[in-house]
Amino acid sequence: MRAALALALLRLCLAKVNFAPHFFDNGNLGLFSLPEDTPVGSHVYTLNGTDPEGEPVSYHISFDPSTRSVFSVDPNFGNITLIEELDREDTPAGSSIFEVRAVDKDTGSGGSVTYSLQNTPATQFTVDRLRGVLRLRAGSALDYEKARAHFVTVVAQDGGGRLRGAAAVFSATTTVTVSVEDVQDVGPVFVGTPFHGCVYEDTIPGSEVLTVVAMDGDRGKPNRLLYSLVNGSDGAFDINVTSGAIVVTQSPAQLRREVYELHVQVTEVSAAGSPAAQATVPVTIRLVDLNNHPPTFYGESGPQTRFELSLSEHPPPGEILRGLKVTVKDLDQGTNAKFALRLVGLEDAFRVVPQTALKEAQVTVLAENSAAIDFEKFRVLTFQLLATEVDTAEKFSATADVVVQLLDSNDNAPQFTSPHYVARVPEDAPGGSTVVAVRAVDLDTGPWGAVTYSIYGPGADLFQIHSSTGVICTQPWASLDAEATARYSFHVRAEDTGGRHGLAKVTVLLLDVNDHPPQFGQSIQEKTMVLGTPVRIKATDLDAEAPNNLVDYSITHAEPAGVFDIDARTGEIRLKSSIRSLDALRSITHSGDCTWALEVQAKDRGSPSFSTMAVLRIDITDAETLPRSPIDTFLMQTRDDPAKAVGVLAGAVAITVAITALVSTVTFWRSKKSNRVLPVRRVLRRRPRPAPRAARIKWLKCSRTKAAAKFVLKEDPPSESCNGSLGSPPPLRAPVPPPLPRVAPGPGAAAWTVPTVSGSLTSLQPRGSPKPSASGSPIQSALVSELRQQFEKRGTDKAHF
């Protein structure tokens, strides 16, 4: 809402009075309008006065005694400032609005009634506590535009009393609706300011230039508005009284000024038909020279809106599009013929010169971004030339399409679809088999995009590639073997006709084929098993990969059966857990034999699967009945791994040599320090010592023979050996008989004898030979013999390979 305030008095005070000062804008001093929500302190108007003698003037403002002083004026500059909040309603604060009455039929304090309002801090009203008169709160104002109705809840409460022996207070409420009525106290307001209009050279007299719009500030009951021109038209313009439409009344050629400043006044007409509030607004009308020629593009043969040319891709920056010949013209005069040029669509790839021109210009387009002019991305580039008038109100413009056909060049190297190709080929693939197809793409076209393939590298000898298709095959004469070489790596090259090339890596993995059966070291093997300790049989599969080279073991035949178990993965053979003594073994067969023959199968996991058979002969002995030294334990643990025994022995020798060297060095330096013995003399004195070494070798041979003799010990009467492999010479009685077995033999059973390793014992010594050394034992001798056999077997295998 806006409130209209009349200035009661405007007075100019002059320091020296000769002629009266006057205001420049007398037409606006009678009335001006302000929104009622204008913040306090706002500058709302400026008084502009002058003195004919040039003396300084001062300004003062005064109000009617019946109105509020809501404005102040700067005495020197005439700036009028709002100093109080505006309020356009008439109803003063404290006025009685409505009287509320409540009746209580009780007497005394219970019949006395007091009044109050609910939500008192938020309301604009108050109520008389005793009389119930509703009033407008002091400092509050009603605003029709903000709230056209208010709802006030009044509470009536009695003075209280006693009811059935207890204190009781009763109350009642009612709602009062206060409707706000609008009053005619706000002047009209123009909408859409500022107002500007133009008159062109070809405008016909009587044509409408523009329409000003105003509305009554009183929204509830708006008055009728009438428009009029106050000044500034010089008879060239007129306005429709009711619609506010301004029309030109003269021919534009008769207009004497380029710019007209009109003042339009709007007046409210009350219901009685008398003029009420008024408002004035300036209107600017400009006479515009006729601009009836937009910019136009021309080719070699006249006006043209489409231009086509060819261009090689990736031109250097700044290169001119020489095939483009364009001229732009504007046939207007003066500023109407000034236009600007720019590109629409490919601003990052090209630029146009000149940027602005007057009347006529030769258009030049330059390459700006070489990377954006790419045949592989866009074979045809299309953009527009846009010419737009600069200083005209109409901003007439014209466009011309430019189509650029790009020509390909060899700017791309072939690129493989993958930097690394991996192929898997069975090792039994015949010569000429397809391995993998590689593919390279060259984004260029024509001869620049043709690709030729080749391979090279240390792994490429067994392969060949088709030069145009990229299919890699094995050579016709190639024979692949995964066991010999399981992986081939080489490079493939793709080259275009311009010499540009790309590289990729190819890896060929040979898929293992189950073409090797498992192989035992010997088809017939002999093992010595100490009761409670397993023996192991091993087969090797020469295939390259699992599962073809994984071997499972099984016992296919045993005489007698049901004595041994075999680990299918490791090949370890054990006695069944129910067999814990040699007597239990003897009880299985009638002959009481301690030598067992097994048929063991080694089968790989390939498909199809291969298997190999081996016959294993096992001699079983009971280690608990024989003395066991630390060397026995070690040899027992390493009987199936002679390399481990050799490694331990080599380590012991190395440690002995190191200790000997250390002791010799310490002794040498001590002797040198005391000057008692020279190093050379000491070395010479210690040289002649080979005899003990020969004696030790002889003892080893002797103890080895004597150790073998312990395997044929038996008690009287002599009985036949378990394996029967000693031959006809009768065994000698041992000097010390071995301990008896834990389980006594049954009646009629043969006397207990020590089993031996079949086929590995030496002949017996004569009766007069010395006793074997205490360091030897039957188990140690047997295990030494078995280790020797395994070393001999490995030597044979290596010689074979």
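Which backbone nitrogen does the side chain of Asp-496 reach at 3.1 Å? In this predicted model, the backbone nitrogen in question belongs to Gly-498.

**Asp-496**

- Asp-496 forms part of strand E44, which spans residues 487-496.
- Besides the approach to Gly-498 at 3.1 Å, the side chain of Asp-496 reaches the backbone nitrogen of Gly-499 at 3.0 Å.
- Asp-496 is buried but has no salt bridge. The nearest side chain of opposite charge is that of Arg-500, 5.4 Å away; this pair does not qualify because a salt bridge requires a side-chain nitrogen of Lys or Arg within 4 Å of a carboxyl oxygen of Asp or Glu.
- When neighbours within four places in sequence are set aside, Asp-496 is in contact with Asn-410, Asn-412, Pro-414, Asp-442, Trp-448 and Ala-450.

**Cysteines**

- A disulfide is a covalent bond between the sulfur atoms of two cysteines.
- The count of disulfides in this model is 0.
- Cys-198 is partly exposed, its relative accessible area being 32%.
- Cys-473, with a relative accessible area of 15%, is buried; this assignment follows because buried means under 20% relative accessible area.

**Strands E32 and E34**

- Strand E32 comprises residues 350-353 and has two faces: Phe-350 and Val-352 lie on the covered one, whereas Arg-351 and Val-353 lie on the uncovered one.
- E32 is joined by 4 bridges to strand E34 (residues 360-367), and the two strands run antiparallel.
- Val-352, on the covered face of E32, has Val-365 as its bridge partner in E34.

**Cis peptide bonds**

- The peptide bond from Val-353 to Pro-354 is cis, with omega near 0°. Val-353 belongs to the uncovered face of E32, while Pro-354 is found in the loop between E32 and strand E33 (356-358).
- Another cis peptide bond runs from Thr-193 to Pro-194, with omega near -5°. Pro-194 is located in the loop between strand E18 (188-191) and strand E19 (195-200).

**Residues with positive phi**

- Lys-359 has a phi near 70°, a positive value in a residue other than glycine. The residue occupies the loop between E33 and E34, and Lys-359 counts as partly exposed at 35% relative accessibility.
- Asp-234 has a phi near 55°, which is likewise positive in a residue other than glycine. The loop that holds Asp-234 lies between strand E22 (224-231) and strand E23 (237-239).
- Is Asp-234 buried or partly exposed? Asp-234 is partly exposed, with a relative accessible area of 44%.

**Lys-538**

- Lys-538 sits in the loop between strand E48 (535-536) and strand E49 (539-540).
- At 51% relative accessibility, Lys-538 counts as exposed, because the exposed class begins over 50%.
- Lys-538 touches Gln-519, Phe-520, Gly-521 and Tyr-553, when residues up to four places away in sequence are not counted.
- The C-alpha atoms of Lys-538 and Ala-602 are separated by 8.4 Å, although these residues are 64 residues apart along the chain.

Technical notes:
Residues numbered from 1 in each chain as written. Predicted model: local features only at pLDDT ≥ 70, side-chain atom pairs only at ≥ 80, totals over all residues. Heavy atoms only, no water. Buried < 20%, exposed > 50% of the residue type's maximum accessible area, 1.4 Å probe, protein only. Lys, Arg positive; Asp, Glu negative; His and termini not counted. Polar contact = N/O pair within 3.5 Å; in protein donor to acceptor, adjacent residues only side chain to side chain. Contact = heavy atoms within 4.5 Å. Disulfide = S-S within 2.5 Å. Pairing = 2+ DSSP bridges.
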